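Here are my notes for a first look at this one. Have the sequence and the 3D view open while you read.

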Amino acid sequence: MSILPLFQCYCKLEQTPDRPLSLFSWPLPVREVQQRYQNLQKFCFPDNCPSPSRFAFTLTVQGQWVHGICLRTSEHLCLCVLTPLPWFTLFYEALHLCRLYGREVMEALYRYPIEPKPGERFSLLPHVLC
């Protein structure tokens, strides 16, 4: 049994006066994220969303659900994880740690082998990931 990554992509987006703009994405390049998830920027900056805030949305991509889990750190900046897993609390924790310690947290989480058993709790500790 192969272990799949916990998420498909981590993005950092900035809203400009004209339109939202992807600043960074990993491990997928920005252009591929924009092509695969065409409305991502609109979902990351919904109207009347207070800052800071956290929220989630679900997209259907090639017949599969992809959850977008977002942390708006300011009026103009949003961190977002795209994942097939509805583990919202885990990813909110990861985005918060990413805000504090940098994107290396998401890169470590992407490579970290996690096989939780039913009923087991899982939490993120920065010293374990980095």
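**Notes on the fold and its contacts**

1. Let's start with Gln41, which is buried at a relative accessible area of 16% (buried means under 20%, exposed over 50% and partly exposed in between, with a 1.4 Å probe and protein chains only). Gln41 belongs to helix H2, residues 40–44 (helices are DSSP runs of H or I with at least four residues, strands are runs of E with at least two, and both are numbered from the N terminus).

2. Before going further, a word on the source: this is a predicted model, where local features need pLDDT of at least 70 and side-chain atom pairs count only at pLDDT 80 or more, while totals for chains, interfaces and linings use all residues. Residues are numbered from 1 along each chain as its sequence is written, and side-chain values use heavy atoms, leaving out hydrogens and water.

3. What does the side chain of Gln41 join in a polar contact? The partner is the side chain of Ser22, at 3.1 Å (a polar contact is a pair of N or O atoms within 3.5 Å; within protein, one must be able to donate a hydrogen and the other to accept it, and residues adjacent in sequence count only if both atoms are side-chain atoms). Leaving aside neighbours within four places in sequence, Gln41 also has contacts that include Leu13, Arg19, Pro20 and Gln34 (contact means heavy atoms within 4.5 Å).

4. Now the sheet. It is open, with 5 strands in the order S2-S1-S5-S4-S3 and antiparallel pairing (two strands pair if DSSP finds at least two bridges between them). Strands S2 (20–26) and S3 (53–61) are the edges, each pairing on one side only. From one strand to the next, the twist averages 25° (axes are lines fitted to C-alpha atoms, for helices over the stretch in contact, and angles run from 0 to 180 degrees between N-to-C directions).

5. S3 and S4 run antiparallel and are joined by 9 bridges, with Phe55 opposite Cys70 in S4. Their hairpin has 2 residues between the strands, and Gln62 takes a positive phi near 50° there. S4 (64–74) is also antiparallel to S5 (77–83), with 7 bridges between them; here Leu71 stands opposite Leu79 in S5.

6. Two helices go with the sheet. Helix H3 (88–101) lies across S1 (9–15), S3, S4 and S5, at about 40° to S4. Helix H4 (104–111) packs on the sheet and touches S1, S2 and S5, its direction making about 50° with that of S2.

7. There are 5 aromatic pairs (rings of Phe, Tyr and Trp, using its six-membered ring, pair if their centres lie within 6.5 Å; planes under 30 degrees apart are stacked, over 60 edge-to-face and the rest tilted). One of them, Phe7 with Tyr110, is edge-to-face, at 5.2 Å centre to centre and 65° between the planes. Phe7 sits in the segment before S1 and Tyr110 in H4, so this pair ties together parts 103 residues apart in sequence. Phe7 is buried at 1%, whereas Tyr110 is partly exposed at 26%.

8. The rings of Phe43 and Phe57 are stacked, because their centres are 4.8 Å apart and their planes at 20°. This pair links helix H2 to strand S3. Phe43 is partly exposed at 33%, and Phe57 is buried at 8%.

9. Arg54 lies over the face of Tyr92, 4.3 Å from the ring centre (a charge sits over a ring if NZ of Lys or CZ of Arg is within 6 Å of the ring centre and within 35 degrees of the ring normal).
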